[in-house]
Each structure stands twice: as structure tokens, then as C-alpha cells.
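Here's a quick walk through a few side-chain details. Have a look at the model first, then read on.

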Amino acid sequence: MREIAIPIGGGRLAALLHKPRGATAIVVVLHGTGVERHDARNRRIVARLSAARFATLQPELLDPREAVERHDAFDIELQCSRLLEVLAWLRSAPWARGLPLGLFASDIGASVALLAAAKRPNEVGAVVLGDGRPDCCPSSLWQVRAATLLLVEQDGWPYRQVYESLRGEKEMRVLPDGANLFGEPASVDAVAEHAARWFSRHLVRARPQATPHAA
């Protein structure tokens, strides 16, 4: 795993990149407000995805100042525009050529991921949302074609509303006992396991046969 800087517009985004040997797909991991890329929860999720041979990219869509400003921290369009630049950067990277793309997101990143999937329906193959706020882009949900898994603490609004609005393949799974999805390590591991299975099903198995990529 290494620190990189992704050029966007007139600046750069800090990110963590991990490329396991023989990666079969790429998962961009979007963490929530107030959570940074080195967070222990993210490390556990990335470790499980890496074990499943997914390359992972964890971009910081906001700089430290923006992250504490409420109007930036909850600006879905701003963060989505930067995520789209990250996806464009990935498309231009020789090592990533031909690899299917998935998005994993929590907190406000859930809406950012869904909006990006709506804007790039032919690029994003699968999305996993770990609870969070997926309801902040309601007018775009019908455009999401990516297979979408919602992992939630309880079945109810706004998750049911989002689920009903999605038009592609979808599943909503309520984890047992309404546990805090990102509370105990065991809960984080359960989220990571569901994510790895979903991406394996909808990215790897759906991928056309191609020559494996080296790390």
C-alpha cells in the first residue's frame, strides 16, 4: 500500500493505493465525514478486499480544511465531481486498463458513490453501501445501472426509499441485531465480507476473459 497524489483540476488529491498481484478488479473506497484513509475500519475493509484480489484506491475527496466545513463536507456535487476525475485518472492508468470498477462507500460517501454511478453508468459495475446517507441524490437513482448492495442497520426510511428507486440489480441486507456496522471489529469484518462477495459476483464473474494484470 502506498501514498499517491492524483492530479485533479489545478490541484492534487491524496490517496492510498494498494495493488495485489493478479488484481481482478478495482474498488474505490470512499470513507465518511471525519474518517481518514488510515482509519482502522478502512484498513480492515481494504485488507479483506485485497485478499479477494481487488486493487483498492482510497482518495481524500476533501482537503483537511474542507472536511471540517459543513457546507463542503455535505456537498455531494463537489465530491462527486472530484470522484469522477479520480475515475478518469484510473482509466488513463496502464495498470488499470480493462479492470472492472466498483465503489464502496459509507456515510455521506454513499450518496457520492450513487451519484457517480448514475453519471458513469457504463464504467461503474458494482456499488456497496455500508449504511450512511444514500438518499441525498434521489433524482439520479433511477440512472444507476450498477449492481448495488445496501448494508443497513435497520430496514426503514431512507433505505427502503432508495432501494425502491434503484432500477438495476440490487439487494438490501439488514445485519443481525441492528448492530453498528462500523462499531466492533466483528461488524466491520462482516461488512467487508459481504462487500467482497458482492464485488466477486458482479465484477469478476461478469468480466470478459482477459489476460491477468500483474501488480
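Phenylalanine 199 is buried, at a relative accessible area of 0% (buried means under 20%, exposed over 50%, partly exposed in between, with a 1.4 Å probe and protein chains only). Keep in mind that this is a predicted model, where local features need pLDDT of at least 70, side-chain atom pairs count only at pLDDT 80 or more, and totals for chains, interfaces and linings use all residues. Residues are numbered from 1 along each chain as its sequence is written, and side-chain values use heavy atoms, with hydrogens and water left out.

Searching the whole structure turns up 1 aromatic pair (ring centres within 6.5 Å, using the six-membered ring for Trp; planes under 30 degrees apart are stacked, over 60 edge-to-face, the rest tilted). The rings of phenylalanine 54 and phenylalanine 199 sit with centres 6.1 Å apart and planes at 75°, so they're edge-to-face. That pair ties together distant parts of the chain, 145 residues apart: strand β4 (residues 54-59) holds phenylalanine 54 and helix α7 holds phenylalanine 199. Helices (H or I, at least four residues) and strands (E, at least two) are DSSP runs numbered from the N terminus.

| Residue | Relative accessible area |
|---|---|
| Phenylalanine 54 | 0% |
| Phenylalanine 199 | 0% |
| Arginine 82 | 16% |

Arginine 82 belongs to helix α4 (residues 76-92). Beyond neighbours within four places in sequence, arginine 82 is in contact (heavy atoms within 4.5 Å) with Ile8, Leu13, Leu61, Leu62 and Glu66.

Back in α7, the buried residues include Val191, Ala195 and Trp198.
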